[in-house]
Amino acid sequence: MATKSPAYRRVMIKLSGEALLGDQSYGIDPKVIQRVAAEISELCAMGVEVGVVIGGGNIFRGAGLAEAGMDRITADHMGMLATVINSLALQDALERLGATARVMSALSIHQVCEDYIRRRAVRHLEKGRIVIFAAGTGNPFFTTDTAASLRAIEVGADVLIKATKVDGVYSADPVLDPTAKKFGRLSYDQVLNDKLSVMDATAIVMCRDNNLPLVVFNLNNGGDLVRLIGGATLGTQVGNELVAKGA
Ligand code: UDP
């Protein structure tokens with residue numbers, strides 16, 4: 001048990017499917033998912049209520065399949081099912097660590113996991129169970145970023161935590177542009193006006209209109225998730241108040 005009280009009571013974590021790839025080009029790296037599960041279960045041990053939304057980009061993305069000629073709606077159904085696969089893998093990894101987790105899907109797959117029912121999800125969270133929200137919003141043409149903001153708002157999360165491969169939001173891709181500047185704090189309107197790649201615009205507007213704070217951090221820095229929830233200033237914070245640009 002942590003001695004310091006956490007900065008948040010209930011959090012929603014968005015993991016992209018890519019975060020589970022490790023060094024692979026497809027699928028789930030068992031070492032990576034186990035490490036991520038260990039960090040998430042540590043949050044529970046701190047007394048934080050944790051919801052997780054996982055993407056499916058490590059398996060299928062609807063837009064990519066549609067570009068290759070597939071019907072977009074079928075492709076998005078495949079993308080949503082990919083998120084269910086990832087969610088089950090995370091549930092398994094968490095349970096192997098002794099945590100209690102429940103996958104709740106926006107598409108009904110009764111033999112595999114629970115349906116998403118908001119009141120039931122809130123009850124699981126109150127009981128200290130990690131809830132993994134699968135199948136995105138359940139609708140084609142949306143993303144799991146939008147699902148994460150939607151579920152965070154629905155269950156009353158204090159913050160949406162977006163895990164990425166870089167340590168925050170930059171003015172340009174820091175891998176391609178060495179002059180790219182990291183932002184310490186941003187407003188949602190700055191993100192939208194400057195077209196900063198944080199999440200898609202639908203997800204950002206949902207957060208802005210419902211006053212949900214967002215923190216973007218680097219999942220590859222082991223321990224940062226726990227430090228962040230413990231109150232450390234990490235990554236980029238996005239909120240509604242207009243804040244100065246720059247780290
Ligand atoms: N998807 C969808 N509706 C949703 C969420 C996701 O149709 O509400 C589909 C869409 O095809 C998407 C795929 O699921 O490409 C995987 O989700 P996403 O691209 O958000 O995953 P990530 O990039 O986070 O790995």
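The model is predicted: local features need pLDDT of at least 70, side-chain atom pairs count only at pLDDT 80 or more, and totals for chains, interfaces and linings use all residues. Residues are numbered from 1 along each chain as its sequence is written, and side-chain values use heavy atoms, without hydrogens and water.

**View 1. The shell around the ligand.** The ligand is surrounded by 19 residues. Gly-17, Asp-76, Thr-137, Asn-139 and Thr-144 are the closest. By type, the shell holds four nonpolar, 12 polar and three charged residues. Here Ala, Val, Leu, Ile, Met, Phe, Trp, Tyr, Cys and Pro count as nonpolar, Asp, Glu, Lys and Arg as charged, and the others, Gly among them, as polar. Helix 3 (residues 72-96) gives the largest share of the shell, three residues. Helices (H or I, at least four residues) and strands (E, at least two) are DSSP runs, numbered from the N terminus.

**View 2. Backbone atoms at the ligand oxygens.** A backbone N or O atom of Gly-17 lies 2.7 Å from a ligand oxygen atom. For Gly-57, a backbone N or O atom is 2.8 Å from an oxygen atom of the ligand. A polar backbone atom of Gly-56 is 3.0 Å from a ligand oxygen atom. Taken alone, the ligand exposes 520 Å², and the protein buries 92% of that. Accessible areas come from the Shrake-Rupley method with a 1.4 Å probe; for residues, only the protein chains shown count as cover.

**View 3. The aromatic pair.** The structure holds one aromatic pair. The ring centres of Tyr-116 and Phe-133 are 5.7 Å apart and the planes stand at 65 degrees, so the pair is edge-to-face. Rings of Phe, Tyr and Trp (its six-membered ring) pair if their centres lie within 6.5 Å; planes under 30 degrees apart count as stacked, over 60 as edge-to-face and the rest as tilted. Tyr-116 lies in the loop between strand 4 (114-115) and helix 4 (118-126) and Phe-133 in strand 5 (residues 130-134), so the pair ties together parts that are 17 residues apart in sequence. Both Tyr-116 and Phe-133 are buried (under 20% relative accessible area; exposed is over 50%, partly exposed in between; 1.4 Å probe, protein chains only).

**View 4. Ser-149 in helix 5.** Ser-149 lies in helix 5 (residues 144-154). Ser-149 is buried, with a relative accessible area of 0%. A polar atom of the Ser-149 side chain lies 3.0 Å from the backbone oxygen of Thr-146.

Note on methods. Near = heavy atom within 4 Å. Polar contact = N/O pair within 3.5 Å; in protein donor to acceptor, adjacent residues only side chain to side chain.
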